Each structure stands twice: as structure tokens, then as C-alpha cells.
Amino acid sequence: MTSLWPRIEPLLAKVQKPARYIGCEDGARTPVHGSGRVAWLLVYPDAYEVGLPNQGLQILYEILNERDDAVAERAYAPWVDLEALMRSHRVPLFSVDTHRPAGDFDLLAFNLSAELVYTNVLNCIDLAGAPVRAPDRGPEHPLVVAGGHCAFNPEPLADFVDVFVIGDGEEVVNEITEVVAEWKASGRTPGSREHVLRELTGVAGVYVPSMYDVAYEGPSLRAITPRYPDVPQRVEKRTVADLAEWPYPKQQLVPLTEVVHDRLNVEIFRGCTRGCRFCQAGMITRPVRERPAEQVRTMVSDGLRRTGYDEVSLTSLSSADFSGIDGVVAGIVNDPVNCGQVSLSLPSLRVDAFTVSVATEIQKVRRTGLTFAPEAGTWRLRQVINKLIREEDLYGAVESAYSQGWRRVKLYFMTGLPTEMDEDTLGIANLARNCVAIGRRYNKGASVTASVGGFVPKPHTPFQWFGQNAVDELQRKVGLLRDDLRRDRAVQLRWHDPKATLAEGIASRGDRRVGAVIEEVWRRGGVFQEWSEHFDLALWEEAMAKHGLSIEWYVTRHRTDDEVLPWDHISAGLHKDFLWQDWQDALAEHGLPDCRWTPCYDCGVCTDYGIEHVVASALPPAGGSQGTGQDLSVGGDVPVTLLPVGGRG
Amino acid sequence: MGQRFRIRFQKLGKVRWTSHRDVARMWERACRRVQLPLAYTAGFSPRPKMHFGLALPTGAESVAEYLDLDVVDEADVDVDGLPALLSPALPAGVDVTAVAAIDPKAPSLQEDVHSCTWRVAFAPDVELAALVERALASSSLLVERERKGRMSVDDVRPAILALSAEATADGDPELEALLATRPRALRPQELLQALDPDLETTRVRRTHQWIERDGLREEPLAVAPHAVGARAQ
């Protein structure tokens with residue numbers, strides 16, 4: 001039996017949002033499986049509506065299905081209502097493309113976009129009918145693979161995942177397919193699993209945790225060392241040098257039901273060297289690789305025509321930094337084929353007036369909200385985190401937005417940042433109030449939404465040594481803001497649950513011992529932990545205690561420079577001494593400019609990998625903020641002319 | 001005023017698990033794909049002018065769904081070519097079976113449709129004849145149902161205009177029911193609840209929607225039998 005559909009369909013009448021499970025998207029494939037084809041099941045371990053838009057998964061889906069010797073299908077974590085029915089009716093995890101059981105595939109490949117999905121990974125492995133712990137699996141079970149940003153600290157999932165992929169996946173999935181094809185051709189004989197895993201350690205960018213021994217000294221890590229001489233000591237990330245060679249997805253999936261980011265998405269560049277010290281994505285995806293503007297235009301116009309979407313998003317980590325973004329935007333918006341009906345969005349907008357003028361152009365059709373991310377409430381703290389937005393940049397951007405008709409501006413902040421004092425926290429309230437005051441000059445109903453998230457230090461960033469704020473400290477800071485803003489009706493304060501921030505902290509910088517905690521939380525029913533209605537901190541705290549692990553040790557303590565970090569054997573190309581120096585610069589409140597437009601400060605990525613930035617323009621974008629429009633010739637420090645401006649207090 | 005086209009379409013196979021709102025979005029995308037110049041509402045957030053009839057419950061199939069589309073005045077639309085143009089732009093299982101230009105001042109589908117015919121199929125061991133007989137013989141049938149968050153107990157017997165025990169092409173038991181849509185539409189699920197709360201259907205299909213013209217019952221748009229082959233998955 002290949003299709004489970006006749007057994008799945010009767011269950012759908014009893015669940016919410018049954019369209020999550022039918023597939024049938026435009027762009028979906030119904031590949032023909034066969035003994036000569038390596039079968040990948042690409043699993044997004046969260047609900048369909050969150051997972052479907054994931055571009056990484058869609059890119060690999062197309063690349064693999066283009067091969068003669070591979071097929072790829074997709075699966076998403078079933079929501080709890082269907083999961084209960086699947087378990088009681090003995091229906092395993094299935095693909096949405098041909099509704100094939102997950103156990104029929106050679107590889108279950110997970111996308112790890114966030115730490116709180118880890119328990120869902122275990123749940124999906126279990127629903128697939130495989131033992132959750134890697135050593136318990138035999139030749140009859142699929143290989144469990146995981147990639148994505150969280151794979152840069154693979155250790156918390158090391159007991160459950162056979163193979164991690166570090167970095168860009170476009171090339172490495174082909175190399176893995178070839179190794180697995182031999183395993184499949186050999187008939188997956190008893191004992192062959194160990195052999196294929198050993199073979200895979202020879203593929204650059206692949207980390208097989210079972211091939212490494214971990215030594216501890218009390219609570220500390222002593223070393224993580226390969227068990228065999230041919231297994232690499234350090235696994236270097238993979239990097240696609242030229243995005244122009246990878247115009248994927250060529251056929252973006254168009255879902256039949258509502259999903260997040262329900263629009264055409266075109267990736268305009270990968271990597272970011274703004275150097276925000278809290279930002280793991282910016283650190284691990286260096287260098288900057290722009291897609292040629294002409295290719296962006298083609299992907300947009302072909303994509304809109306094919307999908308029928310009326311919205312396109314030009315995605316990257318800071319889209320306004322794309323060389324000549326204004327020209328690209330004008331070209332799309334004014335393209336007569338789009339009949340003036342297409343709206344365009346740029347996620348991760350920089351904070352300056354130039355950005356707003358671009359935003360005005362793109363939102364001719366429909367005005368959605370305008371969001372800026374100053375991240376911290378004072379200039380001092382923004383220097384610490386290297387988000388070099390002056391207050392006047394923000395006010396200029398906000399004034400420009402309100403004057404051009406926006407009524408509501410959203411501001412993103414973090415709290416619990418290194419060196420943060422109460423006056424920094426309260427600076428968030430001041431900025432928000434000042435923005436409202438500016439808005440009132442143009443519109444009596446002007447308002448600001450300030451969203452505040454608790455900061456979680458991430459591996460491979462300068463803040464990886466920083467002790468995260470405890471729950472009560474984060475709650476106290478949120479309380480300060482609530483009290484301060486109580487009477488400001490025009491400022492809406494929103495905050496992320498500090499308890500979820502703690503659980504994320506456990507998984508973010510955990511080592512291999514944290515695996516037992518993840519398993520315990522899962523066994524006690526803790527799935528969909530990134531959904532507030534399912535999140536339960538008590539499960540995490542009790543599991544930590546049961547396995548003798550200290551939250552203080554893993555989350556809130558400051559780490560030292562001589563300590564072995566659980567991810568030291570995984571490399572994003574960044575030298576550890578560069579990161580440490582950047583951490584020291586942060587504590588000294590020194591900003592560091594963007595190396596795209598200024599001399600190299602040798603973080604290690606370009607030099608070690610023999611690659612470089614691919615940018616069409618050697619000049620920083622107009623409008624000047626975050627240090628880029630300034631005279632940065634004085635070197636690594638941000639010039640004094642950028643120092644604090646009035647307006648606060 | 002614009003030109004208005006009435007479209008009849010079917011929804012069969014896996015796509016039946018999509019919602020009424022999902023179907024509206026499918027149509028918006030399909031019209032943009034084939035560059036049909038829809039008229040848009042004015043204002044801050046313009047929307048295409050599309051008018052759907054009575055919502056089909058999620059999970060039900062239909063061979064009698066309707067949609068009125070407003071197209072800008074200037075557009076030169078080949079009405080006869082629309083089914084062949086639109087069906088490939090819609091998901092598998094959604095196919096256009098008839099199109100006609102209508103008077104933009106004609107009553108909307110919501111106002112005009114007064115009843116629907118449904119076929120409701122069951123597993124082979126379900127006995128329908130006695131249930132049908134008892135229902136038709138009773139003077140009232142009470143059902144507890146919800147609307148806009150409020151529960152109420154209603155007598156649905158007056159809304160059952162016709163009911164008979166039939167069989168599917170495969171010989172499985174199947175109800176054919178003509179159910180009123182006014183003053184409040186009786187849904188197939190609610191009918192089953194009235195007949196026997198333990199009944200579990202294997203398939204619900206809307207086969208007709210009915211309007212009245214000059215005292216005669218007719219469909220908002222007739223379709224020639226076997227006019228279009230289904231692409232349902």
C-alpha cells in the first residue's frame with residue numbers, strides 16, 4: 001500500500017482546518033518512487049500554515065525532484081487533534097503530496113527554524129514509526145536528517161538526529177543523495193546504517209553526532225572529539241557562492257488554505273554584515289550574496305503571473321540594503337502587467353527616511369503596517385548590540401511615515417540585553433511616546449505598537465558568552481514598561497512570554513545532556529511549545545531537575561573565554577577570537593561598521609572559505625543610518641559625531 | 001455598473017476539505033492568473049467584486065456552486081471561452097461547468113436561492129428507509145444548533161421539503177434531500193442530527209441550488225449533463 005489517503009480522509013471530518021493535510025497546492029509534485037530513487041521526506045516540524053511558506057524547504061524540494069535518482073515529498077507536524085486520531089487509528093506520519101507513510105522514505109529531513117520545535121521533531125520521528133533515539137534505529141528505518149539555522153548548535157538534538165547539515169543546503173543535498181543511493185542500492189543490509197553514516201562524514205558540511213565522543217568535567221564540557229581519524233574535527237558550514245546560479249523556488253507552492261506569509265516570496269540576497277551582535281542569522285550566513293537585479297525582476301514577474309498572487313515580498317535579512325533597491329521596487333510597482341494591483345513588502349526594513357520613501361512607493365496599492373526594529377531603547381545600548389540607529393534616524397523615519405499617511409507604526413525591541421539598565425528599558429517607552437508625539441502633528445489618531453521580546457543569546461554570536469536574564473528579571477522589566485506606559489493610550493505595549501524565553505534559552509545553548517530534557521518534555525506531552533496555548537514551562541523545569549541539570553548553568557550564567565562551548569566543533573567560519581573581541585567591544589560600547597562598504601575586519605568567513613561579498617554597488621545606500629552613511633574612516637569605532645542626540649527624557 | 005458574469009462550478013475530491021474562504025481566495029488568484037480584468041471596490045483596501053452564493057460546508061462536495069463576477073466595462077470577454085480559460089487556473093477538483101452574462105441588477109444568489117438538493121452517502125450497513133419514513137411522518141423535528149455563537153433549539157421539519165432513500169452508483173445507501181435555505185438554511189449535518197445523531201456520512205454532495213422564476217423552480221444557471229469532465233483527485 002502506498003497511499004494512506006483512504007484511511008486519512010475519514011479522520012478529516014473530525015479535525016480543525018482539514019485543508020492542512022490534503023496537499024494539492026499549485027506547484028506540488030506527485031513523484032514516482034522506485035528502487036533507483038532516493039526518497040526524501042522534507043518535514044517542517046510545525047503546523048502546516050507555518051511550515052508551508054518556508055523557502056528553504058521549497059528550494060530543496062525542487063532541487064531533489066529535478067534529479068533522476070531522487071524524489072522529495074513534504075510533511076508537516078499534524079495538529080494535536082489529528083495526531084490523537086492518527087494514534088488511535090494507527091495512521092503514521094504521512095506526506096501531503098501522495099499521502100505516503102513516512103516510513104517508506106529513505107530520509108526524514110527536518111527544517112530547524114526555532115528551538116521550541118525540538119519536541120515536535122521527536123514527535124514526528126515517533127509518528128513515522130521509528131525509534132526516537134538514533135542508536136535504536138536499524139536498517140529498516142529512515143535516516144533522520146536536520147538542517148536550518150538551529151543546526152549550528154546540533155548538540156541538544158544529537159541523540160535523536162543521525163545527520164546534521166550545516167549551512168546552505170542547495171549543493172549538499174545532492175552529495176548526500178549520492179551516498180544514500182549506494183546504501184539503498186546495497187539493500188540496506190543489517191549493520192549498513194553505521195557504514196552509511198561514516199561515509200556521510202566525508203561530505204563537507206555534514207555532521208554525524210554519533211561519530212563523536214563527548215567528555216565532561218563536572219558540569220563543564222572538556223572536549224568533543226571524533227571517534228575515527230577520517231572524521232573531521234570541525235565541520236565547516238556550506239555556502240553557496242553565487243545566488244544567481246540558484247533561482248529557486250522556480251515554482252513556489254501556492255497553498256489552497258490560509259498560511260503565514262501568503263504571497264510570492266523572492267529572496268533578493270542571503271547573508272548580512274550589519275553586524276548586529278544579537279543576530280544569529282546575520283552571523284552564520286555571511287558573506288552577503290546579492291541576486292542580480294535582473295533575475296529578481298524575472299522571478300517576480302514570472303512568479304506573479306504563475307501564482308496569481310497580488311503581493312510579493314522581497315526577502316532577505318535587511319531588504320533595503322539591496323543595491324539599487326529603489327529602482328527594483330519602482331520597476332515592479334510600475335510594471336503595466338501588474339495593472340497597479342500588486343503590493344510589495346520588504347521585511348526587515350532599515351530605520352531611516354529613505355526606507356520610508358521606498359515603502360511609500362511599494363504601498364501605493366494597499367497600506368499595511370510599517371515596522372521598524374530599533375531593538376533597544378537608548379543609543380548607548382544600541383552601540384552595545386551594534387544596531388547603530390540614532391534617535392534622529394528613527395524620528396526621521398517615523399515623521400516621514402506619518403506625514404505620508406500611515407497612522408500606526410510598529411516598533412520592535414528586545415529586553416534583557418547585555419549591560420541593560422533600567423534607564424535603557426524605560427528608553428523603549430520614551431522612544432514610543434516621542435514617536436506618537438511626532439505622529440500627532442499629522443494625525444490625531446496616530447499610535448505606536450511597541451513589541452518587546454526577551455533576549456536569548458545564540459551560538460556563533462558575540463553574545464554567546466552572555467548570561468540570559470532570568471524569568472523574574474524579564475518580568476520585572478516588562479512590568480517597568482507597563483507601569484510607565486499605563487497612561488499612554490496611544491502606545492500599545494506587547495510582550496513575549498518570559499517563560500517561553502527561558503525554555504528557548506535551555507535549548508539554544510544546550511549541550512548533548514539537554515537531549516534527555518527534550519525527550520522528557522516530549523514524553524510528557526509537551527508538543528507545539530512555540531504555541532502559547534500549548535507551552536508549559538513547568539515541563540521544562542521539572543525535566544531539567546529530573547536529569548540533574550541546572551537552569552542557572554545552562555541559561556543565566558555568564559560563560560568564560562576559556563570554556564569549551566558545545567558548538568565549538570561546528571564552524572560558521574567566524575573565528576572565535578573575532579567573536580570574543582566583538583563581545584569585548586560590545587561591553588565597551590563600541591560599534592562596528594558594515595564590512596560590505598568598509599575595510600575587512602577579518603571575521604574569518606571570506607578569508608577561510610575563499611569567497612567574498614557579491615554586491616552590485618560598492619556604495620552604501622542613501623539615507624545614512626546604522627553608521628553606513630557616515631564617515632567611518634576612523635576605523636572600527638563609530639565616530640563621535642554619531643554620539644547621543646537629544647529628545648530623550 | 002460593469003458587466004456581471006454568473007459562473008457555475010463544481011468542487012470534487014480532496015479539495016472539498018477547503019473552506020468557503022479558501023475557495024474565494026482560489027477564485028481571486030485564478031482571475032489574476034488569466035488576467036480577467038475584475039472590477040474592484042473603491043477605498044483604502046480595494047477588493048475584487050466577487051459575490052458567492054450560500055457557503056458550502058467544509059468537507060462537502062458540490063456540482064452546483066455559483067459565483068457572480070464583476071468585470072470592468074471596457075473588457076471584451078469571450079463568455080463561451082471562460083470555462084476552458086478558468087478551469088486550468090483553478091486547483092484540481094474545481095472546474096467551471098457553465099458561464100453566462102447576467103443583468104448586474106438581477107437579484108444576488110444569496111437573495112434568490114431558496115432551496116438546495118443534497119445527496120448524503122453512508123456505509124453499506126446503514127438502513128435508511130425507516131429513518132426517512134419516520135422523519136416524513138413526524139410533525140416536528142427538534143435540533144439543537146449554533147448560530148453566531150448562540151445555541152438554539154429549532155424545529156427543522158418545515159425545512160425538509162423532500163427526503164428519500166436512494167443508492168449511490170456503487171450501491172451504497174444514500175439520502176436525497178431537498179432542504180430549504182429560508183428563513184434559515186438547514187445544513188445536511190443538521191438533518192442527520194435530526195434523523196439519528198449516530199449517523200456518520202461518508203460523503204455529502206450538493207447537486208442543485210434552486211431559485212424561482214414565474215412560479216417555476218429552476219437552477220440559477222443550467223448545465224448540460226456531462227458537459228465537462230471532472231478533474232477531481
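In the predicted model, buried residues account for 32% of the 233 residues of chain B. The chain contains five helices and eleven strands. Its radius of gyration is 19 Å, close to the 17 Å given by the globule rule for 233 residues, so chain B is as compact as a globular protein of that length. The C-alpha trace of chain B extends over about 60 × 35 × 35 Å along its principal axes. Of the contacts in chain B between residues at least 6 apart in sequence, 74% connect residues at least 24 apart.

Strand 5 of chain B, residues 115-122, pairs with two other strands of the chain, strand 9 and strand 10. With strand 9 (residues 173-180) the arrangement is antiparallel and comprises seven bridges. With strand 10 (residues 201-213) the sense is again antiparallel, over eight bridges. B:Arg119 takes part in both pairings: this residue stands opposite B:Glu176 in strand 9 of chain B and opposite B:Arg205 in strand 10 of chain B. In a regular strand the side chains alternate between the two faces of the sheet.

B:Leu54 lies in the loop that links strand 2 (50-52) and strand 3 (61-71) of chain B. When neighbours within four places in sequence are set aside, the contacts of B:Leu54 are with B:Val113, B:Thr181 and B:Ala185. B:Ala185 is 131 residues away from B:Leu54 in sequence, while the C-alpha to C-alpha separation of the two residues is 8.8 Å.

Chain B also touches chain A, in a contact that draws 18 residues from chain B and 16 residues from chain A. On the chain B side, these residues comprise seven nonpolar, six polar and five charged.

For chain A the mean pLDDT is 91, and 93% of the residues reach 70 or more. In the stretch formed by residues 623-649 of chain A, however, the pLDDT is below 50, although this stretch has 59 contacts in the model beyond near neighbours in sequence. Where pLDDT is low, the predicted coordinates should not be read in detail.

An open sheet in chain A is built from four strands in the order 15-16-17-18, with parallel pairing. Strand 15 (370-375) and strand 18 (491-495) of chain A are the edge strands, each pairing on one side only. Neighbouring strands in this sheet are turned against each other by 20 degrees on average, direction ignored. Strand 17 of chain A, residues 447-454, is joined to strand 18 of chain A by five bridges, and the two run parallel. Within this pairing, A:Val452 has A:Trp495 of strand 18 as its bridge partner.

Helices of chain A contact the strands of this sheet. Helix 13 (residues 391-403) of chain A packs on the sheet and touches strand 15 and strand 16 (408-415) of chain A, with a direction at about 170 degrees to that of strand 15. Helix 15 (residues 471-485) of chain A lies across strand 16, strand 17 and strand 18 of chain A, and runs at about 170 degrees to strand 18.

Another open sheet of chain A has three strands in the order 10-13-14, and the pairing is parallel. Strand 10 (264-267) and strand 14 (343-345) of chain A each have a single partner strand, so each edge strand has one side without a neighbour in the sheet. From one strand to the next the twist averages 25 degrees. Four bridges connect strand 10 of chain A with strand 13 (residues 311-315) of chain A in parallel, and A:Asn265 stands opposite A:Ser313 of strand 13.

Helix 16 of chain A (residues 498-508) is largely enclosed by the rest of the structure, because ten of its eleven residues are buried. Among the buried residues of helix 16 are A:Pro498, A:Leu502, A:Glu504, A:Ile506 and A:Ser508. The buried residues of helix 16 pack against helix 5 (118-127), strand 17, helix 15, helix 17 (514-523), helix 18 (537-546) and helix 19 (551-556) of chain A.

Technical notes:
Residues are numbered from 1 along each chain as its sequence is written. Chains are lettered from A and ligands numbered from 1 in the order in which they are written. This is a predicted model: local features need pLDDT of at least 70, side-chain atom pairs count only at pLDDT 80 or more; totals for chains, interfaces and linings use all residues. Two strands pair if DSSP finds at least two bridges between them. Two residues are in contact if their C-beta atoms, placed from the backbone, lie within 7 Å. Ala, Val, Leu, Ile, Met, Phe, Trp, Tyr, Cys and Pro count as nonpolar, Asp, Glu, Lys and Arg as charged, and the others, Gly among them, as polar. pLDDT is the predictor's confidence in each residue, from 0 to 100. The radius of gyration is taken over C-alpha atoms; the globule rule is 2.2 Å times the number of residues to the power 0.38. A residue is buried if 20 or more other C-beta atoms lie within 10 Å of its own, exposed if 12 or fewer, and partly exposed in between; C-beta atoms are placed from the backbone. Axes are lines fitted to C-alpha atoms, for helices over the stretch in contact, and angles run from 0 to 180 degrees between N-to-C directions.
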